[in-house]
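Colleague: I'd like to learn how to read a model like this one. Could you walk me through it?

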Amino acid sequence: MAASDSTVNFRIRRDIGGFRGYLRNAWGRWWVKALAALGVLFVIGYTVFYFLFAADLPSVDKLRTYEPPLPTNVRGVDGTPIHSYARERRVELSYDEYPPLLVRAFLAAEDKTFFEHHGVDYLGIASAAVNNLSSHKRPAGASTITQQVAKNLLIGNETSYSRKIKEAILAYRIEDTLTKKQILELYLNQIALGRNAFGVEAASYAYFGKDLNQLDLAQMAYLAILPKGPSNYDPVRHADRALGRRAYVLREMLKNGFITQAQHDEAMAEPLGTVPRQTPKTETAGSGYFVEEVRRQLKDKFGEDAKDGPYSIYAGGLWVRTSLDNRLQDYAQTALREGLLRFDRGRGWSGPIDHKDIVGDAWLPALLNTNIGLDYDNWRAAIVTAVAQTDAGLGFSDGTTGVLPRAAAQMPVRGEGGTAFAALKVGDIIAVAPEGGSYALRSVPKISGAFVVEEPQTGRVLAMQGGFDFRAQQFNRATQALRQPGSTIKPIVYAAALEGGMTPASIIVDGPFCVYQGARLGQKCFKNFGNVGGSGAHTMRWGVEQSRNLMTVRAAATTGMPRIVSLMDRIGVGKYEPYLSYSLGAGVTTVSRMVNAYAILANQGRSHPATLIDFVQDRHGKVIWPENWHACDRCNAPDWNGKPMPRPVSRGKQIVDAMSAYQMVHIAEGVIQRGTATVLRDLDRPMFGKTGTNTGPTDVWFIGGTPQMIGGLYIGYDQPHSLGGAAQGGTLAAPIFKAFAVKAYEGLPKIPFRAPAGIRMVRIDRASGKPVFGTWPSDDPKASVIWEAFKPESEPRRVVHRDVIVPDPAAAAAAAKARADAQAPKDTRRDSDFLQRQGGIY
């Protein structure tokens, strides 16, 4: 080893030895040992503290992209808000949208030093800890707004000291991650303020019935007191307490220079000014059945809660554009309701809507828990709180009370006798209406029904009423009630017969028809409605117009029931066995299905499934349903740019032969003109339809309409029993449709049904179905000569028998010329010219 290397090694050993000696000497001093012990304890304490309180804390970074649970907003066909699906009423605003005075009110009430501290008010925490320990109460107090954000959005509302420590840690981290404005925005959007309102904008409507930017100082100060406990400052039960707390907030605002003395004094003098609990402003009365059906479809597609995915109904903040036309919905609802009341009138009181036992004086919770309400005319749902000799006490969902005099409840009880007043019991939920200074009893009809309106070119449902009142009867009879459609099924049967080769002029015998159904069932003989006997041979058209059962089953037997039930399945009415009774409506279906089936016929056999939802957007505006949805470019252009008109892609499926569908519609126009629905004839527009009355009769139907819209309804008891021998679709259901149609079609152009290519319009004798020459159809609905629609080569032809053939062709030609010359004026009209002038038959 070299001498230089030995010298270096020696120096290293000497330095190490000296350092060790220095450490030994230092360790011998007490204060060094104390510092080392403290350091070890600090590391151990920090580690324990970290694993106890900080290790499992959620990441603050997710607050940057935090999306609060938002309600799903539903709009009608014109974009008008009609409903909101929400368990938490919330409207999300940006910080700049909050009035500065409101922000100051919340700072004065909750965190005056918010813009000075870094998330934690240490002095406030120390003071609160001392108070909690000395009073032995639950840990509370001293939470800054940042800590409240941490609690509400990240760690929950557990009551413990450990939660307060975690809250403080997160608050410090939040202040490092977000700006003060971002923190306030989160807080004001998510804070629970009572009446199911989350966030200040939702609370503004819940308590004052108006938007946030319309509030005055006193109202803003009231909202600022609610985070301490909305139930503690309820404006009805604890008005004095609320006024006292509001006064504190106003004093703090004045003390901190947020408001002037004049503003303070003016606000102090105001009453609370809150409004009663009310239906959220996005819930339109009358649309209940429609929006509940929309909710069911959204639930099946996206789920209900946040755990079901980002697009859930109650948390996803969806924007749903539906096909609901509020105007048509109102007409359909009114027409159905008036029809049900008209039928039910004079039959006595139908009994209470429901009954709930009342414990003590707690009638209000008993009523609210039923969620029963009424939106017909001025009717109100009330719970009977007391029954005396002369009157009964009433309670309403808004907390108010009323009186029902004995004299205003004297209608007889249906099926039991006695007066309605004598039958009232405490806890009954009944319908009443204001009368004089008190209330009078009303009867919700026992009979019910459903009404659906659809656009045939698209399948979009424009209106849906599933009963008398959704809040009293939530069962949707439009989509859930399976009923026998009676004779409204006949156009489907005859459409199959037309596809099978029959024509509107085919002769069918209206006479006895029996069929052997096997050893077990024996022989079945069919009858016309009302046991009317057969009337001989008639055209198919006549059989449809007069709704002859015997002609229908004979046509069904000729066509073959397998072909007919196949069409019923394809057209969406239902799946049935190939029995002849199904050709008369013995199978069950819904109004919604039947209306869609008629819409397919009106649309030349092309099917569009009935839809209530046009499209669904997420909270950011992206269309998420239907898949591959595309907006119609240039559809909303203010002026024509000279280019071809944009047209959406037709996705319909051809279910019925187009010519057969048109033939059936053309035949069913005769039902309106001279058949079982002549009550609609004076609407004076191209319209087809069919009435229906099933066995009993337990249900009566009408379905039909124009090229613009198809409507359909039935009425009947939920537990089917007879409506009375005189009940028929033409006398009960068709007038209800007319009440709707008079208003719905007002101002709409009279558009005829368009015939598909290939249809041949031929003049025939209406009774015999034979071709007619030399005369023309007239506007008289009972004219003997009419236009009839035929497929090519299927129209009836003029027949010349051999025994009338003229033997001398020259003589015959001369005679014909002489007869033609004698006619004055000459009639040079052609069928095609006449059809063009008439319009509507193409």
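**Surface, sheet and core**

Modeller: Start with the surface: the chain exposes about 41600 Å², and carbon and sulfur atoms supply 54% of it. Accessible areas come from the Shrake-Rupley method with a 1.4 Å probe, and for residues only the protein chains shown count as cover. This is a predicted model, where local features need pLDDT of at least 70, side-chain atom pairs count only at pLDDT 80 or more, and totals for chains, interfaces and linings use all residues. Residues are numbered from 1 along each chain as its sequence is written, and side-chain values use heavy atoms, with hydrogens and water left out.

Colleague: What share of the residues is buried?

Modeller: Buried means under 20% relative accessible area, exposed over 50%, and partly exposed in between (1.4 Å probe, protein chains only). Here buried residues make up 48% of the 842 in the chain.

Colleague: In what order do the strands of the open sheet come?

Modeller: Strands of a sheet pair through backbone hydrogen bonds, either parallel or antiparallel. Strands (E, at least two) and helices (H or I, at least four residues) are DSSP runs, numbered from the N terminus, and two strands pair if DSSP finds at least two bridges between them. In this case five strands form an open sheet in the order 11-10-22-21-20, with antiparallel pairing. Strand 11 (461–465) and strand 20 (688–693) are at the edges with a single partner strand each, so one side of each has no neighbour in the sheet. Strand 21 (residues 699–705) and strand 22 (residues 710–717) are joined by seven bridges; V700, for instance, has I715 in strand 22 as its bridge partner.

Colleague: Which helix lies across strand 21?

Modeller: Helix 22 (residues 729–744) does, and it also lies across strand 10 (447–454), strand 20 and strand 22. Its angle to strand 21 is about 45 degrees; axes are lines fitted to C-alpha atoms, for helices over the stretch in contact, and angles run from 0 to 180 degrees between N-to-C directions.

Colleague: Which residues have the most contacts inside the largest nonpolar core?

Modeller: A nonpolar core is a set of buried Ala, Val, Leu, Ile, Met, Phe, Trp, Tyr and Cys residues joined through side-chain atoms within 4.5 Å. The largest has 133 residues, and F737 and F740 have the most contacts inside it. Contact means heavy atoms within 4.5 Å. Leaving aside neighbours within four places in sequence, F737 is in contact with residues including F451, M687, F702 and L713.
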